[in-house]
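Colleague: Please walk me through this model. Start with how to read it, then go feature by feature.

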Amino acid sequence: IALRFEEVRKPSTVGLMDLMRESTRQTLETAKMAVTTRAIAVVILGGMLLDAVARNQATLNSLYYRLIGLPDWVFGFMGSAIAVCNWFVPSLAARANRRFSTLGSLLLGGVAALCAVMMLLPAKIWLGIPAVMLLLMLMGYVNFTVGRFLHQQAGANQRATLLSVKGMAFNLGYGIYTCMFALRLLSLPEDMRGDQLRIAL
């Protein structure tokens with residue numbers, strides 16, 4: 001497929017240094033736009049918060065599965081079931097985004113995340129499994145919603161940079177949330193750490 005691509009733009013006659021300067025300027029302007037344009041900044045921030053919660057759960061999945069009593073041999077089946085469910089996430093996200101505004105769609109995701117976290121807390125297998133599935137499906141939902149909004153806000157020459165800013169923000173949010181989670185665990189007394197995952201959640 002890649003070998004069959006054809007370049008439709010004429011080759012640039014600008015020198016290499018000028019081209020690099022222009023690319024750098026455009027990248028910085030787009031990054032600044034992501035921070036200074038209120039609507040874009042709010043959507044990225046909202047997506048970052050939801051993605052951090054869902055991704056932290058993805059990191060701790062095996063620990064949580066053991067906490068609720070799932071045997072290790074089931075973990076692969078759980079991953080496969082979640083992957084199959086993720087096939088339907090784009091169509092569900094597209095439907096939600098057509099019906100609601102971007103912030104409304106993110107708010108809907110926030111309600112789903114809150115419900116999922118509340119279902120995780122009792123650490124019961126019949127509540128924990130659907131909660132984990134819901135949280136991991138939420139990552140695709142959030143990425144679709146935020147990505148769709150950024151595509152609408154940016155020109156063709158800005159989209160890749162704007163999506164990179166979104167990716168950096170999401171990674172930063174995940175890193176901060178993970179550190180906060182780890183500090184919460186470390187703050188617990190030693191005799192409470194046997195059940196530390198449930199307490200921290």
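This is a predicted model: local features need pLDDT of at least 70, side-chain atom pairs count only at pLDDT 80 or more; totals for chains, interfaces and linings use all residues.

Modeller: Residues are numbered from 1 along each chain as its sequence is written, and side-chain values use heavy atoms, with hydrogens and water left out.

Colleague: How many aromatic pairs are there?

Modeller: A pair of aromatic rings is described by the distance of the centres and the angle of the planes. Here, rings of Phe, Tyr and Trp (its six-membered ring) pair if their centres lie within 6.5 Å; planes under 30 degrees apart are stacked, over 60 edge-to-face, the rest tilted. By this rule there are 2 aromatic pairs. Tyr65 and Phe75 form a tilted one, 5.1 Å centre to centre with 45 degrees between the planes. Tyr65 is in helix α3 (residues 61–67) and Phe75 in helix α4 (residues 75–86), so this pair ties together parts 10 residues apart in sequence. Helices here are DSSP runs (H or I, at least four residues), numbered from the N terminus.

Colleague: Are Tyr65 and Phe75 buried or exposed?

Modeller: Relative accessible area decides: buried is under 20%, exposed over 50%, partly exposed in between (1.4 Å probe, protein chains only). Both Tyr65 and Phe75 are buried. Then take Trp73 and Phe77: their ring centres are 6.2 Å apart and their planes at 85 degrees, so that pair is edge-to-face. Trp73 is exposed at 63% relative accessibility. Phe77 is exposed too, with 56%.

Colleague: Which charged end sits over the ring of Phe170?

Modeller: The criterion is NZ of Lys or CZ of Arg within 6 Å of the ring centre and within 35 degrees of the ring normal. Lys166 provides the charged end, 5.2 Å from the centre of the Phe170 ring.

Colleague: At what angle do α4 and α7 pack?

Modeller: Axes are lines fitted to C-alpha atoms, for helices over the stretch in contact, and angles run from 0 to 180 degrees between N-to-C directions. For α4 and helix α7 (residues 125–153), the angle is about 50 degrees and the axes are 10 Å apart. The crossing of α4 past α7 is right-handed (the near helix is turned clockwise from the far one by less than a right angle; anticlockwise is left-handed). Contact means heavy atoms within 4.5 Å.

Colleague: Which residues does Asn61 contact beyond its neighbours within four places in sequence?

Modeller: Val132 and Leu136. Asn61 lies in helix α3 and is buried, at 11% relative accessible area.

Colleague: And how do α6 and α7 pack?

Modeller: The angle is about 160 degrees, with axes 9 Å apart. α6 and α7 are therefore roughly antiparallel. Here the crossing is left-handed. Among the meeting residues are Gly109 and Ala113 in α6, and Ala131 and Leu135 in α7.

Colleague: What is the phi of Ala123?

Modeller: Most residues other than glycine have a negative phi. Ala123 has a positive one, near 55 degrees. Ala123 is in the loop between α6 (102–120) and α7, and is buried, at 10% relative accessible area.

Colleague: Where is Leu186?

Modeller: Leu186 is in helix α8 (residues 159–186). Leu186 is exposed, at 57% relative accessible area. From Arg99, Leu186 is 87 residues away in sequence and 43 Å away in space, C-alpha to C-alpha.

Methods. Helices (H or I, at least four residues) and strands (E, at least two) are DSSP runs, numbered from the N terminus. Angles under 35 degrees count as roughly parallel, over 145 as roughly antiparallel, 65 to 115 as roughly perpendicular and the rest as oblique.
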